[in-house]
Amino acid sequence: MIGDAMVLVAALRDPATTRALDAHGWTALIAMARAEQLIGTLAHRLSAEPVPTQVSEILDDARSNAEHQKRSALWEADCATRALADYDGKVVLLKGTAYVAAGLRAGEGRHIGDLDILVAREDLPVVEAFLLEKGGWEWVKEDAYDDAYYRDHMHELPPLIHKDRDRMIDVHHTILPLTAGPRPDAWGLLGASVKPSPLQGGGLGEGESTASVGQLDSPPSQPSPQKRGGLYILSPTDMAIHCAAHLIADGDLAGGLRNLWDMHCLLTEFSTTDSDYFATLQQRATHHQLWPAVHRAARLAHELYGTDIPKEWQGWYRQDKWFIRRLTARDGWGRPTRKFTRLIFYVRSHWLRMPPAMLARHLFTKWRKAKDKI
Amino acid sequence: MVAPTKYYIAEPADQLWVEPLDAITLIYQRRSGITHMVVEPVPEILTAMGVDAVTAAALVAKLSDQFDLGTDEDAEAVVTARLEELAELGLVHRTQCDA
Amino acid sequence: MHEFRVQVGPAAFRIGSRWRQPVEQLAALYADYPKPEIPDFTVRLDAPSLLRRFLRKSVAINGDFMLPDAVPLPFGQALLAAEMGMNLQMALGWRRHLLLHASAVEREGRALIMTGASGSGKSTLSALLGQRGWRFMGDEFVLLDLDSGAATPFPRMISLKNEAIAAMQVAAPAARFGPLMTATPKGDIMHMVPPVAAITRMAESAQPALLLFPSFGHLPAVREVAPGENFMRMTQASTNYVALGEAGFRAMTRFVKSVPARAIDYQTGDEAIALVERLWERLV
Amino acid sequence: MDNQNDNLPNNVTKLPTSRRALMLGAAAASAIVTVRPALAQTAGSVLNCQIPVPGPHGSGMNIDATGKLVTPDTAGSFTATGQKFTGEQVKKALAGGQLPGTTYDQSRAYVNYIRRLQAGQSGFTCYASLQMPR
């Protein structure tokens, strides 16, 4: 295990472990944390730890940068709100922006890139039109095949970029590609979404709302009168389910340590305030056909970050070892390691996203286009 | 259908750091972290708006109390254009009523 | 990985190389610089891919911060690759100062800052002035303190290009030079070790007193640059202005309001130096 | 920062008797320039870069005179093979020169394509690095 990212895992799990680090150890830890886009999170975790002067300056930089990313992310959300002011349906923030908007621990120091939002699938054309015509966003890709591919098979619109701010927005209508095995209940996600509590103080622009907590079964296409004045976030269970789906059921686990840290924070924070949280989560995950993903993500978080999960969720599954090997495949120079494990997970990510016949067709089209180019 | 009268409300003054340089005035917006470089009449418009929701017409009246606006241009059209430009950037906000 | 460490001004670097030779070249050039214990940044000189490694030996620039579109450099330009890698870490990762893409020299505790596109001569001018009684502070980045506004040196190797190479070999016959790299993306390049004072006094900052926008190839002329235009140009010459938020705004505003700025045109180094001395006399 | 409101344009508090003229300008003339992140501005000196025309997002497409990606059957459009131009070549073309291996009109179309590049598209960072104002 020498030289791999277990040092980073340990530092996040228990900041006091960094007291044993020498200069070499710190150097490796910082390079790994940067490569995994966890340097801001690490800086936040270590804010009360005694660290060498040189390290504290690096961590200050990381905190300052995380502050900038948070400000920009909330501003992008604000801009989207303005562009969608005349849209009647719910607009739900996802991932990093949702965490900081709600003031959740998962958002502390977190790297945030694009803005991700979720809307009703049948409203995609309306939302798209508002963003393009009123918001100043433009398509990134003009490629017809990729466009059709997105529209037919993906869980989001092709990415849009803002013409002046150079920031991307991903508009989702569900949380997994349509071609993937599990079919999450997208209406249920929207229906159960809630307003970020102003008390948690993420500070979304117009948020003077006296929070209308969406009822679980309120149909999303019927806007609640309080819809004006802000954005929604997923319910606590759905948020963890989305996080697990993103980590386990979609993608090749690149940046997985960060997503798993999100999972750890969400489970820990929500289960502290709601004693039934885990039971509700299992029920809800089953409803979304994502219990295996949630279960695995919870086990991995427990194993790596020491997340407190129910006894009956614990236990060891044969494949978990491979996930851990993949998640920690990073050396002290910030380089990816374990090429073979990475390759396996890369292939797996394509497999998960689409049935074999479609995968073959997809790769063939890509290949033909590449060939034409030469 | 008659379009309802548009009201505008300025971003709260404590969110803006306004720094006049020369012909150019800088506006740093704290909430967005974005810097804008503006020229006349933008700083004057923002100041004249104060804290209330105003219409373009009311704003023109307010401005002409303080400044000589000349007579050549359609002042309300220009002020509306600037308000819309500011609204696009999130420096002023469109609102339904003056409440 | 072969490893090399160096402290340049306030920033500490670790450079890892798949090959021994670039590290030895760096060690020779940076012999007089301090070696940090814990680096701020890691730069890696990697082999691009298995295939490329055998087709033509070349160097990929990687590290903590990377940009897309970067093309591997031929192996013979590994020193340039290391320089680019270090610059990139500063441009994308540094948050402790407001970063200006500029060169600077110091006299009597006050700094002359020069900025402009590559080819404007800001680098050569700073190197020349460094041979004529000014303290060389840096030819790539000037770091402005967010509270005091003082300029902190970043005296990395001076990167001489094309005609400037021969000119400096004449102007500074005693200086140490690196190997000549021909046909790089920027033409011929040779590194020059800055004067001793630049290295021994690299922790000493200086208050900015004059900002120049030199432009090479035109008849000598001087034009005043108003604070508004200055602000616009400088925000475009700073890679971390936006990320610094309000602290960046405060520092940049103070800079453009307090430092007189001039655009200067010149055709020869001597002409430029005469102009600089005259303006310094008059404005500082 | 209590003094910032005092920094608002000082002329507005003057008495109406000394009213100064306010230049409203034309409705169509924008009065605001927003500072954009200069992420890649120094990249010109830190990066050896190249721009594919078109990038992978436009492979198989032609480029019209305005630089837009169009289908290959579009009249007046130019074929583009994903050829890579260096920052230096593009800089010369932006300054009125011609990209190597292209006709005059083709070069103009390619340059327009490069001008339209957006962040995230292949070549954008390189292009952005050429934009440093003088």
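**Figure 1. Three strands of chain C form an open antiparallel sheet in the order 11-13-12.** The edges of this sheet are strand 11 (158-161) and strand 12 (181-184) of chain C, each of which pairs on one side only. Averaged over the sheet and with direction ignored, neighbouring strands are turned by 35° against each other. The view belongs to a predicted model, as do those that follow. Strand 12 of chain C is joined to strand 13 (residues 187-192) of chain C in the antiparallel sense over two bridges. Thr184(C) has Gly187(C), in strand 13 of chain C, as its bridge partner. Lying across strand 11, strand 12 and strand 13 of chain C is helix 3 (residues 78-93) of chain C, which runs at about 75° to strand 13 of chain C.

**Figure 2. Chain B and chain C bury about 1,100 Å² between them.** Of this area, 71% is on carbon and sulfur atoms. Trp17(B), Leu21(B) and Tyr28(B) supply 41% of what chain B buries against chain C, more than any other three residues. Eleven residues from chain B and 15 residues from chain C take part in the contact. Two salt bridges are counted between chain B and chain C. Arg30(B) forms a salt bridge with Glu246(C), with the closest N and O atoms 3.0 Å apart. Five residue pairs are in polar contact across the interface of chain B and chain C. On the side of chain B that touches chain C, strand 2 (16-20), strand 3 (25-29) and strand 4 (34-38) of chain B each supply at least two residues.

**Figure 3. Chain B and chain D bury about 2,800 Å² between them.** Carbon and sulfur atoms carry 60% of this area. Glu40(B), Phe67(B) and Asp68(B) supply 19% of the area that chain B buries against chain D, more than any other three residues. The contact involves 36 residues of chain B and 25 residues of chain D. Between chain B and chain D, two salt bridges are counted. Glu44(B) forms a salt bridge with Arg20(D), and their closest N and O atoms are 2.7 Å apart. Ten residue pairs are in polar contact across the interface of chain B and chain D. Strand 2, strand 4, helix 1 (42-49), helix 2 (56-66) and helix 3 (75-89) of chain B each supply at least two residues of the side of chain B that touches chain D. Helix 3 of chain B provides the largest share of that side, nine residues.

**Figure 4. A salt bridge joins Arg63(A) and Asp60(A).** The closest N and O atoms of Arg63(A) and Asp60(A) are 2.8 Å apart. Because these residues stand three residues apart in helix 4 (residues 53-83) of chain A, about one helical turn separates Arg63(A) from Asp60(A). Arg63(A) is partly exposed, with a relative accessible area of 26%. Asp60(A) is also partly exposed, at a relative accessible area of 42%.

**Figure 5. Glu106(C) and Arg135(C) meet in a salt bridge through their side chains.** The N to O distance is 3.2 Å. Glu106(C) lies in strand 6 (residues 97-107) of chain C and Arg135(C) in strand 8 (residues 135-138) of chain C, so this pair ties together parts that are 29 residues apart in sequence. Both Glu106(C) and Arg135(C) are buried.

**Figure 6. The side chains of Arg132(C) and Asp270(C) meet in a salt bridge.** For this pair the N to O distance is 3.3 Å. Arg132(C) is in the loop between helix 4 (122-130) and strand 8 of chain C, whereas Asp270(C) is in helix 9 (residues 269-283) of chain C; the pair therefore ties together parts that are 138 residues apart in sequence. Arg132(C) is partly exposed at 40% relative accessibility, while Asp270(C) is exposed, with a relative accessible area of 53%. Elsewhere, Glu57(A), Asp61(A), Asp40(C) and Arg96(C) are joined into one network by salt bridges that share partners. Over all chains, the structure holds 40 salt bridges.

**Figure 7. Arg326(A) is found in helix 13 (residues 320-327) of chain A.** Arg326(A) is buried, because its relative accessible area of 4% falls under 20%. Apart from neighbours within four places in sequence, the residues in contact with Arg326(A) are Asp252(A), Leu253(A), Ala254(A), Thr341(A), Arg342(A) and Phe345(A).

Definitions and conventions
Residues numbered from 1 in each chain as written. Chains lettered and ligands numbered in written order. Predicted model: local features only at pLDDT ≥ 70, side-chain atom pairs only at ≥ 80, totals over all residues. Heavy atoms only, no water. Helix = DSSP H or I, 4+ residues; strand = E, 2+ residues; numbered from the N terminus. Buried < 20%, exposed > 50% of the residue type's maximum accessible area, 1.4 Å probe, protein only. Contact = heavy atoms within 4.5 Å. Pairing = 2+ DSSP bridges. Axes fitted to C-alpha atoms, helices over the stretch in contact; angles between N-to-C directions. Buried area = accessible area lost by both parts, 1.4 Å probe. Salt bridge = Lys/Arg side-chain N within 4 Å of Asp/Glu carboxyl O. Polar contact = N/O pair within 3.5 Å; in protein donor to acceptor, adjacent residues only side chain to side chain.
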